[in-house]
Amino acid sequence: MTTWLIRTFLLGLLNVAAALLLSPLCEGIMRKLRAAIHSRMGPPITQPYWDILKLLGKEDLRSTGGAVYAGLPALTLGSVLLLAALVPMGTRAPLGFAGDLIVVLYVAAMSSVLMMLAGFASASPYASIGSSREMIMLLSVEPIMAIALAVGAFKARTLTLGGIANWQAQNGPSISMAIGGVAFFLALQAVAGKLPFDIAEADQEIMGGLLIEQSGPRLALFRWAIWTKQLVLAFLLVEVFFPWPHYGIYPVDLLATLVKVLVVLVLVTVIDVVNPRLRIDQAMGYYMRVAVSSLAALAFAVIGK
Amino acid sequence: MSSISHSAVTRVKEAVAARSNGALLSATEPHADTLQFTIEKTRLRAVVECLVNDFQARFMISVGTDARPLTGDFTILHLFSLDREHLYILLESPVSEKDLRIESITEIIPGANWAEREFRDAIGVHPDGHPDPRRLLLADDWPEGVYPLRKDFPYNYQPPRAENVAPQLREPPAGASVVPMGPFFPALEEPSYWRLFVEGETVVGCDTRLFYNHRGIEKLGDSVLTYNEIPYLAERICGICGFIHSTCYCQAVEKAAGIDVPRRARYIRTIMLELERIHSHLLWLGIAGHIIGFETVLMQTWRIREPVMWLCEEISGNRKTYGMNTVGGLRRDLPNQLKPKLLETLAGVEKEVVAVRKAIIGDTTLHARTRGVGVLTNEWARKTCVVGPPARASGVAIDARIDHPYAAYDEVPPQIATQAPGDTWARVIVRVTELLESIRLVREALSALPDGSICAEIKQEIPPGRVGVSVVEAPRGEAVHFVLTGGDNRPYRWRVRAPTYPNLQAMPAMVANANIADVPITLGSLDPCFSCTERLETIDRRTNQVRVYSHAELLEISKRKGRNAAPQQTVPHGGVR
């Protein structure tokens with residue numbers, strides 16, 4: 001029992017640390033790729049690490065007071081790290097026993113809600129527009145993620161992410177899970193705050209939106225949380241919907257997972273680079289259509305495809 | 001110009017005489033394409049009404065002049081264009097110092113709104129019945145009753161600041177909140193302050209405060225600089241279309257003084273003007289992409305633009321601000337051996353622009369963001385006197401290159417592109433089409449480039465009291481320069497109207513009921529240029545930065561230089577005048 005506890009604890013620590021430390025690297029790779037498509041040199045791949053270090057060293061300026069406001073950046077990053085501990089990332093989910101996919105969905109939404117609160121609390125009209133846009137995006141995207149994961153739960157007859165992933169790995173591809181995976185991938189674009197859905201930040205419209213009043217260490221934590229969340233959700237997508245090839249040889253499987261995650265992030269970046277920003281009503285309409293289409297996945301699951 | 005319709009001239013003369021009802025003080029024809037009428041101010045409004053309703057005259061600008069040293073009165077001049085008839089009409093009214101008021105024409109022409117507020121701010125003639133008589137271009141802390149363009153106001157005078165002043169801003173309607181855009185805003189890297197009245201994400205109205213950045217250019221032109229120095233100042237009115245303003249100014253003086261510019265100079269001006277349009281439109285395309293978050297478009301179009309800048313550098317020595325224009329022609333020739341390189345670069349640019357056009361037309365997300373967005377109706381475009389691509393995208397087929405041909409455009413005429421919908425998409429298409437057309441024009445002008453001199457010999461002093469109106473179709477629309485010549489080797493009055501000036505006035509109607517996310521691209525689709533627009537109010541200026549030539553020194557230099565009086569050396573500052 002004690003060894004199990006220690007192992008779980010170490011695994012959790014490993015997951016959290018990996019997510020934290022790898023996410024700036026992924027961001028760096030994405031920036032480099034953007035630059036390449038722009039015909040630019042682009043910053044060094046390690047730039048996001050320096051960005052975070054620099055921001056952390058700056059003065060902590062706040063537009064409003066209050067203990068909750070002060071703690072929001074840390075809470076946001078914390079919620080993302082909790083998510084990292086609930087999601088299988090090359091290993092079993094460290095805290096997989098403690099929460100099923102319903103908990104995962106709630107925790108995933110938590111960081112968005114916390115950032116929204118920070119936006120509303122920062123008393124800037126741009127931030128409140130950004131926050132209300134973030135809320136609309138969250139409400140548009142959350143059902144899609146829920147439907148996609150529900151397909152898995154229905155097929156695998158379990159609510160745990162690990163269970164679904166195992167079932168999927170053993171039973172191979174199916175139409176319903178493929179549709180679910182695509183829907184989840186499309187939702188990821190918005191959750192990661194990438195174009196054409198970076199509407200809540202929209203630099204040229206609302207000057208960074210819900211993050212406009214954030215600077216220094218607070219901005220560092222928010223940015224870090226966003227990068228980490230996109231990485232963790234990319235892991236979730238790959239592990240639950242596309243777990244093959246599954247050789248059972250751990251290092252090979254881990255490598256395959258990492259490569260797949262990278263492919264997902266590259267796709268997200270390419271979509272980001274070749275699209276202008278949509279308006280919030282257009283984005284909402286788009287995700288409405290995705291949500292309706294993803295219901296087809298449920299139908300397929302019911303007839304066993 | 002042979003294309004001027006003489007019957008139109010007669011009809012206008014008759015109509016003005018009839019409508020002024022005996023108040024017509026004089027009617028002259030300073031140039032073949034220019035009719036000038038002096039009317040008592042009581043009948044001015046009636047004549048304006050007749051011109052607009054019966055002749056579809058397009059209002060260009062008003063010029064307020066402190067003519068007290070000449071005639072004892074102020075004069076207000078409204079400048080109109082009859083585009084189809086290729087005519088300029090100048091309606092002038094003296095305004096006595098005892099009754100500094102004139103009837104406003106903004107009710108008839110909404111596009112005259114700013115022009116009237118501007119002459120009120122600058123010389124103190126009040127437009128009676130103006131619907132929005134708030135201060136336009138003077139700073140909020142500028143004292144009341146101090147008018148910078150009056151002749152008794154020294155260019156370097158700094159009046160005491162007015163105390164306890166606040167900008168006169170409109171309050172939002174009940175239930176709406178204010179979302180400020182500017183004066184510093186990422187999508188508009190220029191000083192303009194828009195107050196958007198917003199309900200949720202919908203814009204229900206807006207108010208604006210502009211003119212944060214006046215540089216006193218017109219005042220310097222008529223009080224410090226000389227005819228041949230002004231082209232360099234004119235070139236600095238704008239960072240993008242510098243050559244346009246220097247050409248436009250030179251043409252106005254050349255016209256006023258009756259100087260014939262050699263054919264080769266006119267061709268080279270055409271080439272440089274079109275090169276400026278090419279790099280400006282590519283710049284705009286990039287910025288428009290940036291505004292809607294499409295950074296790839298920004299990066300790629302600016303990469304395509306760069307060889308054009310290098311080309312300009314090779315021709316003139318500078319990427320921008322070429323310093324090539326002078327009154328009478330050019331100071332710098334376009335070397336014939338550069339022709340092959342020019343053609344080669346343009347071929348490369350053309351290929352890439354065609355590719356960009358294809359990508360833009362095929363991009364569905366771009367369609368979603370621009371179609372039906374920021375619609376400027378044909379009617380409102382005419383009423384607000386919008387010019388350039390925004391006008392042409394709303395189906396108003398005006399282009400200074402066709403309507404008032406200048407440089408070599410009578411020999412290499414452009415094909416103009418118009419679109420009907422008046423939305424942002426139409427403005428994109430108009431500009432992309434113009435880009436390719438400009439490349440064709442440069443090619444054509446290059447192949448027809450005649451040999452010969454590049455600058456006219458100016459043997460006599462420019463006589464005082466002559467008027468010259470000149471237009472240039474800038475990338476953003478028609479730029480207008482008005483010059484009234486004076487003694488002292490400088491204009492008595494120099495008036496600049498940049499294309500953004502009328503275009504910005506159409507903006508409030510274009511964003512009414514828009515989504516807040518569409519406001520930046522709507523404004524961006526006008527390709528606004530604030531530095532062009534803001535040029536009038538005098539600001540404090542370190543006198544030692546302005547070099548002043550005395551009359552005698554100038555004469556000496558012009559004699560020495562012979563052909564063109566462009567002074568090459570600087571003379572220490574000789575005191576305030």
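User: In H4(B), which residues are buried?

Analyst: A residue is buried if 20 or more other C-beta atoms lie within 10 Å of its own, exposed if 12 or fewer, and partly exposed in between, with C-beta atoms placed from the backbone. Helices (H or I, at least four residues) and strands (E, at least two) are DSSP runs, numbered from the N terminus. In H4(B), the buried residues are B:Asn113, B:Trp114, B:Ala115, B:Glu116, B:Arg117, B:Glu118, B:Phe119, B:Arg120, B:Asp121, B:Ala122 and B:Ile123. Keep in mind that this is a predicted model, in which local features need pLDDT of at least 70 and side-chain atom pairs count only at pLDDT 80 or more, while totals for chains, interfaces and linings use all residues. Residues are numbered from 1 along each chain as its sequence is written, and chains are lettered from A and ligands numbered from 1 in the order in which they are written.

User: Why is helix H4 of chain B described as largely enclosed?

Analyst: Helix H4 (residues 113–123) of chain B has 11 of its 11 residues buried, so it is largely enclosed by the rest of the structure. The cover over these buried residues includes strand S3 (58–66), strand S4 (74–82), strand S7 (126–128) and helix H16 (500–505) of chain B. Just after H4(B), B:Gly124 has a positive phi of about 90°.

User: Which domains is chain B divided into?

Analyst: Domain bounds come from an automatic or database domain assignment. Chain B is divided into domain 1 (6–167) and domain 2 (217–533), and the C-alpha centres of these two domains of chain B lie 26 Å apart.

User: How many residues of domain 1 of chain B are in contact with domain 2 of chain B?

Analyst: Two residues are in contact if their C-beta atoms, placed from the backbone, lie within 7 Å. In chain B, 25 residues of domain 1 are in contact with 24 residues of domain 2. On the side of domain 1 of chain B that touches domain 2, strand S1 (24–31), strand S2 (34–39), S3, S4, strand S5 (87–95) and H4 of chain B each supply at least two residues. S3(B) gives the most to that side, with 6 residues. By class, the side of domain 1 of chain B that touches domain 2 has 14 nonpolar, 8 polar and 3 charged residues. Here Ala, Val, Leu, Ile, Met, Phe, Trp, Tyr, Cys and Pro count as nonpolar, Asp, Glu, Lys and Arg as charged, and the others, Gly among them, as polar.

User: In which sense do strand S8 and strand S9 of chain B pair?

Analyst: Two strands pair if DSSP finds at least two bridges between them. Strand S8 (residues 177–181) and strand S9 (residues 193–199) of chain B pair in the antiparallel sense over 5 bridges, with B:Val179 opposite B:Leu196 in S9(B). S9(B) also pairs with strand S10 (residues 202–209) of chain B, in the antiparallel sense over 7 bridges, and there B:Phe197 stands opposite B:Gly205 in S10(B). S9(B) and S10(B) form a hairpin with 2 residues between them, and B:Gly200 in the turn has a positive phi of about 65°.

User: How many helices and strands does chain A have?

Analyst: Chain A has 11 helices and 0 strands. Of its 305 residues, 49% count as buried.
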